[in-house]
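Let's take a walk through this fold, from the overall layout down to one helix pair.

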Amino acid sequence: MELKLKYETPIEWAHQAVTDIDSFLQDHADAERKVANMCLSLIAKYPNRTEIIDELIQISVEELLHFKQVYELIRYRGNELNGVFQKDPYMKGIMPIIRSGSDELFMDRLIIASVAELRGSERFKLIGEVVQDPKISKFYTNLHIQELLHIDSFIKMAKCYFDHDIVDQRTEEILTKEAEVSKNLPWRSAIH
Ligand SMILES: [Fe+2]
Ligand SMILES: [Fe+2]
């Protein structure tokens, strides 16, 4: 099954986001660091899910590398990490759908990780298209492709442990919720 967002971000979103590219980069750096952390925390929480540990370590390394690259762009722009962490209304909006049973929680965490990668990838592509600075543009266009690979990785992990049809059905439900959240959030110079 190829994952497809149920709400498409309009290009105007990117035009607005790049008006304060420095805030966008700060938020993005924070997001990359958080995904790396999330992978490590999945390993800590589920040490018995041995089939996915290598993959989680690998993604964590890749996200940390993205963090490094975004940090380099922040410095290239003449700034430093500002320690300002914007709220994450996106995750907060999606969280209520998470189920509490231990298997269900595990499955939902992986699917949400995948859907969030899909949204990130969509938006990085848009930023790459509209941002003026060629160096930043090239970075986002490449990053869009790299993040696409993570979408499949998380779904595959869920399918290591759960029936494929059940994962696909749950993914549909989460995509529906994600679309509703994304559509209703006010635009900011941030990924979400
Ligand atoms: Fe990343
Ligand atoms: Fe990623």
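This is a predicted model: local features need pLDDT of at least 70, side-chain atom pairs count only at pLDDT 80 or more; totals for chains, interfaces and linings use all residues.

Residues are numbered from 1 along each chain as its sequence is written, while chains are lettered from A and ligands numbered from 1 in the order in which they are written.

The protein chain has seven helices and zero strands, taking DSSP runs numbered from the N terminus, with H or I of at least four residues for helices and E of at least two for strands. Its radius of gyration is 16 Å, close to the 16 Å that the globule rule gives for 192 residues, so the chain is as compact as a globular protein of that length; the radius is taken over C-alpha atoms, and the rule is 2.2 Å times the number of residues to the power 0.38. Along its principal axes, the C-alpha trace spans about 45 × 30 × 25 Å.

As for contacts (C-beta atoms, placed from the backbone, within 7 Å), 79% of those with a separation of 6 or more join residues 24 or more positions apart.

Now zoom in on α6 (residues 134-161) and α7 (residues 164-184): their axes come within 8 Å and cross at roughly 135°. Those axes are lines fitted to C-alpha atoms over the stretch in contact, with angles from 0 to 180 degrees between N-to-C directions. In this pair, I155, A158 and K159 of α6 meet H164, V167 and T171 of α7.

How values were computed
Two residues are in contact if their C-beta atoms, placed from the backbone, lie within 7 Å.
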